[in-house]
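Subject: A structure for you to look at

Hi,

Here is the structure I promised to pass on. Open it next to this email and follow along as you read.

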Amino acid sequence: MKQGKDVENPESRFFTVLLAAARLPGVRVQREAYLRSALARHCSEDEVRRAVETTPAAAGITVEVLEKVANDSIRYETAKVSALSAAAGIPGVLALPATVPADLAQYVGHMLRIAQKLAYLYSWPELFSGEDVDDATKGVLTLFFGVMFGVQSANAAVGKVAGMMAEQVAKKLPQRALTHGVVYPLVKRVAGYLGVRMTTQSFATTVSKAIPLLGAAVSGGLTFATYLPMAKRLKKHLAGLPLADPSHHRVGDEDIVDGEVVEDHEVLVRPHAEQLGADSATPR
């Protein structure tokens with residue numbers, strides 16, 4: 001009975017899908033390897049090294065370069081989204097929980113890949129550090145998905161988390177804020193919203209509503225056309241945060257070296273959103 005109740009719980013349903021997709025082979029993106037490969041064609045060896053050791057923003061990688069690399073990664077991942085009818089052939093699909101449809105796990109897996117790549121380009125830390133997915137990573141990925149779906153409270157929450165990290169010049173996610181602190185209620189709210197929609201019948205409809213211009217054109221399934229705008233939405237949001245701005249990693253004439261300010265000056269951080277807006281859609 002308890003298991004049945006968990007399946008019916010929208011929040012639990014979403015986390016079940018998220019964790020199942022995260023365990024599929026090829027879904028996790030290693031930060032250092034990705035940054036070295038993605039930046040190599042556009043940056044010097046020293047810039048790439050500093051981007052890996054600190055962040056692309058702290059390394060002074062220009063906004064223009066990050067924009068180009070991000071767009072290249074989005075195009076690459078979008079091209080990899082195959083027809084969902086082929087989902088049964090993906091490696092590891094037999095290990096999925098019975099409650100997670102293979103096509104849904106595949107789509108979420110592709111969303112996870114682009115979310116990681118964009119996060120690393122725009123100066124977020126390594127998200128997967130071990131075999132298990134810790135609660136902070138689960139929380140921030142939930143918020144990233146919320147941004148992709150156009151949930152306004154997710155935008156505000158991601159902005160708060162990024163602001164905390166920028167203020168503290170942090171190299172790790174703020175664990176307490178994402179698991180017990182001010183951001184945690186929003187994580188649960190976004191997870192519940194996504195969980196309500198994460199069924200084989202309604203997930204495609206939710207995606208189409210997140211991309212209004214597509215309308216009924218995608219109501220029959222999840223396609224190439226839904227993935228691209230969602231990835232671009234996340235890119236735009238992450239690129240606009242203080243964490244991604246190279247100018248926030250310079251204080252006066254002093255640089256940030258190895259992730260720390262040389263002199264004790266105040267770093268001005270402007271929250272991405274002053275108020276937590278209502279979700280673009282409220283679960284019914």
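Why does F14 count as buried? F14 counts as buried because its relative accessibility is 0%. Buried here means under 20% relative accessible area, exposed means over 50%, and partly exposed is in between, with a 1.4 Å probe and protein chains only.

A word on the ground rules. This is a predicted model, so local features need pLDDT of at least 70 and side-chain atom pairs count only at pLDDT 80 or more, while totals for chains, interfaces and linings use all residues. Residues are numbered from 1 along each chain as its sequence is written, and side-chain values use heavy atoms, with hydrogens and water left out.

**The whole chain**

The chain has 12 helices and 3 strands. Out of 284 residues, 50% count as buried. The accessible surface of the chain is about 13,700 Å², and carbon and sulfur atoms hold 52% of that. (The areas come from the Shrake-Rupley method with a 1.4 Å probe; for residues, only the protein chains shown count as cover.)

Now for contacts, meaning heavy atoms within 4.5 Å. Take the contacts in the chain between residues at least 6 apart in sequence: 72% of them join residues at least 24 apart.

**The aromatic rings**

A pair of aromatic rings is described by the distance of the centres and the angle of the planes. Rings of Phe, Tyr and Trp (its six-membered ring) pair if their centres lie within 6.5 Å; planes under 30 degrees apart are stacked, over 60 edge-to-face, and the rest tilted.

Searching the whole structure turns up 4 aromatic pairs. One of them is F14 with F15, a tilted pair at 5.7 Å centre to centre with 55° between the planes. Both F14 and F15 are buried. F14 also pairs with F145, this time edge-to-face, with 6.1 Å between centres and 70° between planes. That pair ties together distant parts of the chain: F14 belongs to helix α2 (residues 10–22) and F145 to helix α7 (residues 135–148), 131 residues apart. F145 counts as buried because its relative accessibility is 0%.

Now find K138, which is in helix α7. Its charged end sits over the ring of F15, 4.7 Å from the ring centre. (A charge sits over a ring if NZ of Lys or CZ of Arg is within 6 Å of the ring centre and within 35 degrees of the ring normal.) Is K138 buried or exposed? K138 is buried, because its relative accessible area is 18%. Leaving out residues up to four places away in sequence, K138 touches F15, L18, L19 and V133.

L143 is buried, with a relative accessible area of 0%. Which residues is L143 in contact with, leaving aside neighbours within four places in sequence? They are A154, A157, V158, V161, L178, V183, L186, V187 and V190. L143 and V183 are 40 residues apart in sequence, and their C-alpha atoms are 9.7 Å apart.

Helix α8 (residues 152–168) packs with helix α10 (residues 184–197) at an angle of about 145°, and their axes are 10 Å apart. Axes are lines fitted to C-alpha atoms, for helices over the stretch in contact, and angles run from 0 to 180 degrees between N-to-C directions. In this packing, S153, A154 and A157 of α8 meet L186, R189 and V190 of α10.

**A few other spots**

R23 sits in the loop between α2 and α3 (31–39). R23 is exposed, because its relative accessible area is 56%. R23 and G109 are 86 residues apart along the chain, with 8.8 Å between their C-alpha atoms.

R176, in helix α9 (residues 175–179), is exposed too, with a relative accessible area of 65%. R176 and A136 are 40 residues apart in sequence and 8.0 Å apart from C-alpha to C-alpha.

Last stop: S123, in the loop between α6 (102–121) and α7. Its phi is near 75°, a positive value in a residue other than glycine. S123 counts as buried, because its relative accessibility is 4%.

Cheers

Technical notes: Helix = DSSP H or I, 4+ residues; strand = E, 2+ residues; numbered from the N terminus.
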